[in-house]
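Reader: I would like a close look at one chain of this model, and then at how the rest is arranged around its partner. Please keep to what can be read from the model.

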Amino acid sequence: MGTARTTGYHPGLVDLASGQISREIFVNDEIYAEEQERIFARAWLFVGHASQIPNPGDYVMSGMGEEAVILCRDRAGAVHVFLNSCRHRGMKVCRYDEGNTSVFTCPYHGWSYGTDGRLVGVPYFREAYHSKLDRSRWGLVEVAQMCNYKGAIFATWDAQAPSFPEYLGDFTRYLDLQLDGWDGREGQAELLCGVQKWLVPCNWKFPAENFSGDTYHNISHRSVDLAGIGPSGSSRRDLGERNVSRKLHVCIPDRGHQTILYVMPQGRETPVAYQNAPIVSEYFAHCEAEKRRLLGEGARLIGAPGEIFPNTALLSRQPRTMAVWHPRGPNQTECWRYYFVDKDAPHEVKEFLRDYYIRYSGPAGMTEQDDMENWNYAHAASRGTIARRHPYTYEQGIGTAVRDYEFEGMRVPGDVIDITEIQSSEQPMRNLYRRWAQFMEADDWEQLATWRHNERAAAAE
Amino acid sequence: MSDRDDRISRLLLAQDVAEFLYGEAELLDERRHDEWLALLADDIRYWMPMRRNVKFGEGEREFTRSVTDINWFDEGKDTLARRVKQIQTGIHWAEEPQSRIAHLVTNVQIIEASPSVADAREVSVKCRFLIYRNRVATETDLLVGKREDLLRRENGDWRIARRKIILDQNVLLSKNLTFFF
């Protein structure tokens, strides 16, 4: 791969050849400040879901990196993402988590903005400004690009960034697993009402790398497996298809996205699940059959934890959730967790899944709790002068990834490691930090869109 | 019944209910979780909504709804028992080593007693809580809010049939909720 660097970002901090990554990138104040500039101001970030703002004038608070933003639908129905800060003196123009409005009026000096971001009201415009303020220049700061992808709203502050589909590259099908219906119909997922938001004392990259596909941390969750919170109300915490499918680590090397993926054997049906809940079991059996009919071979793919660079986590199996790891200083992360169900699912199914989601995920989730304890104290124990001298190791599976893997006729693009037998690799983390280092080093998107270089080189030959 | 008798009945009930709630807090703080579970009615609903900032007059949108929405907690006894079981595995890292927890229960108010104060079979009671959690070395959480409980008499003893927990926070300031309210 032409863009691979063995040593990246201030040589020695991210050393992919040896699989060693310095603790500095997690705990260092200056590196954190640089991340805000080089990563969060340039990458595509998840902002919310269109189902949160169905009607004109609807808005919901969100965040992009450290910035507070407003996701809203204007009176004409168009979706916008604005910086939640008055252009005059910076006050938040809205401090409600959600609502419906025709204007956002700043409580400080009274500037008001339409839901399309235009500055529509300036007190003493004639008297104090002599009607000379160019109001067209002082609307709310809007993101440079926004994309409504099957209801998921992503945005970036960088006008030079590639389009969102190009940013996703071959990762698109894994976001599809998240946003499409279980029966394979496009964009049928809807958000359950209520976004969980909570603070964890760790660097944002701890959850990001965990959701990139850390299959090595089974010990973390042994207690929840013993307590038995599976989807049927007992047993292991997840579903049975893991026992019959190929389990892969899939990394899109030039994009920095990565995921765990289950691929069902050809011609084999997904094992029956939720046996203790007949309505639910029936619903999913119906969806699986529909999916096979609609997608054919595509129905063999079953999603799992994954990460869109830099801080959007996917989990397209159950519990079906997305999360955003908002940086709040090098030592703190504000986690936002969104939960999905099929729009058309019977309410019994939605309620059943909701119960499972709450007991599994989030701060009261019996699985996620133990993750956060690890991120908390791993971070805390990495801050000392001595601790920082000793890098973490990400050596598992170095040099064993297969480019464009194939399993029983199913082609899986990217760098892939089959972890069915070997259980674990650290390819996803190396993939994440390779991209992280590229972002930290590159001056602009011309350098970051590495796939275009390769395409150009190929065309020249 | 005379006015005086009525007041005495109220006083006795208030005292009885407060003692029950303090005793419950004692069990939790002493980590006697199995005994605590025994205080819960089999059909208990244990619900802790999330809270949103909403405009004045839109109060009904402030709380996430039970059953349909995502909440911090919204579950029955089976899940609560599994939470206890998880702590008791000794490898639930978020509670291992175990936290030091103190429940302060105060402002206990009887809202309703049925069929009567003198012969109460069900009591709806409000209180304030302050939960202090300290764990490992310096990690400390303070959670303050209100509780609305429905207590039911079963074989002469109070059982908790419903608990609504109203935490006075928007973004949860604690990394997890591994303990009981």
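Author: Chain B has 3 helices and 6 strands; helices (H or I, at least four residues) and strands (E, at least two) are DSSP runs, numbered from the N terminus. This is a predicted model, in which local features need pLDDT of at least 70, side-chain atom pairs count only at pLDDT 80 or more, and totals for chains, interfaces and linings use all residues. Residues are numbered from 1 along each chain as its sequence is written, while chains are lettered from A and ligands numbered from 1 in the order in which they are written.

Read from the N terminus, chain B runs α-α-β-β-α-β-β-β-β. Its C-alpha atoms fill a box of roughly 55 × 40 × 30 Å along the principal axes. Of the 181 residues of chain B, 29% count as buried. A residue is buried if 20 or more other C-beta atoms lie within 10 Å of its own, exposed if 12 or fewer, and partly exposed in between, with C-beta atoms placed from the backbone. Among the contacts in chain B with a separation of 6 or more, 58% join residues 24 or more positions apart; two residues are in contact if their C-beta atoms, placed from the backbone, lie within 7 Å.

The 6 strands form an open sheet of mixed pairing, in the order β2-β1-β6-β5-β4-β3 of chain B. Two strands pair if DSSP finds at least two bridges between them. At the edges stand β2 (73-75) and β3 (100-115) of chain B, each with a single partner strand, so one side of each has no neighbour in the sheet. Neighbouring strands of this sheet are turned by 20° against each other on average, direction ignored. Within the sheet, β1 (residues 40-48) and β6 (residues 157-167) of chain B pair in the parallel sense over 4 bridges, and Arg45(B) stands opposite Arg162(B) in β6(B). Helix α1 (residues 3-29) of chain B packs on the sheet and touches β3, β4 (120-135), β5 (139-154) and β6 of chain B, with its direction at about 150° to that of β3(B). Axes are lines fitted to C-alpha atoms, for helices over the stretch in contact, and angles run from 0 to 180 degrees between N-to-C directions.

Next comes the partner chain. 35 residues of chain B are in contact with 39 residues of chain A. On the side of chain A that touches chain B, β8 (98-100), β15 (196-200), α6 (222-227), β22 (333-342), α8 (347-360) and α9 (368-380) of chain A each supply at least two residues. α9(A) gives the most to this side, with 6 residues. By class, the side of chain A that touches chain B holds 17 nonpolar, 10 polar and 12 charged residues; Ala, Val, Leu, Ile, Met, Phe, Trp, Tyr, Cys and Pro count as nonpolar, Asp, Glu, Lys and Arg as charged, and the others, Gly among them, as polar.

Chain A is divided into domain 1 (7-34 + 170-460) and domain 2 (45-146), with bounds from an automatic or database domain assignment. The C-alpha centres of these two domains of chain A lie 33 Å apart. Contact between them involves 9 residues of domain 1 and 8 residues of domain 2 of chain A. On the domain 1 side, β14 (189-191) and β21 (321-327) of chain A give two or more residues, and β21(A) gives the most, with 4 residues.

Strand β16 (residues 246-252) of chain A is largely enclosed by the rest of the structure, because 7 of its 7 residues are buried. Arg246(A), Leu248(A), Val250(A) and Ile252(A) point one way from β16(A), and Lys247(A), His249(A) and Cys251(A) the other way. β16(A) runs antiparallel to β17 (residues 257-263) of chain A, joined by 7 bridges; here Ile252(A) stands opposite His257(A). Their hairpin has 4 residues between the strands, and Gly256(A) takes a positive phi near 80° in it. β16(A) is also joined by 4 bridges to the antiparallel strand β25 (residues 410-418) of chain A, where Ile417(A) is opposite His249(A).
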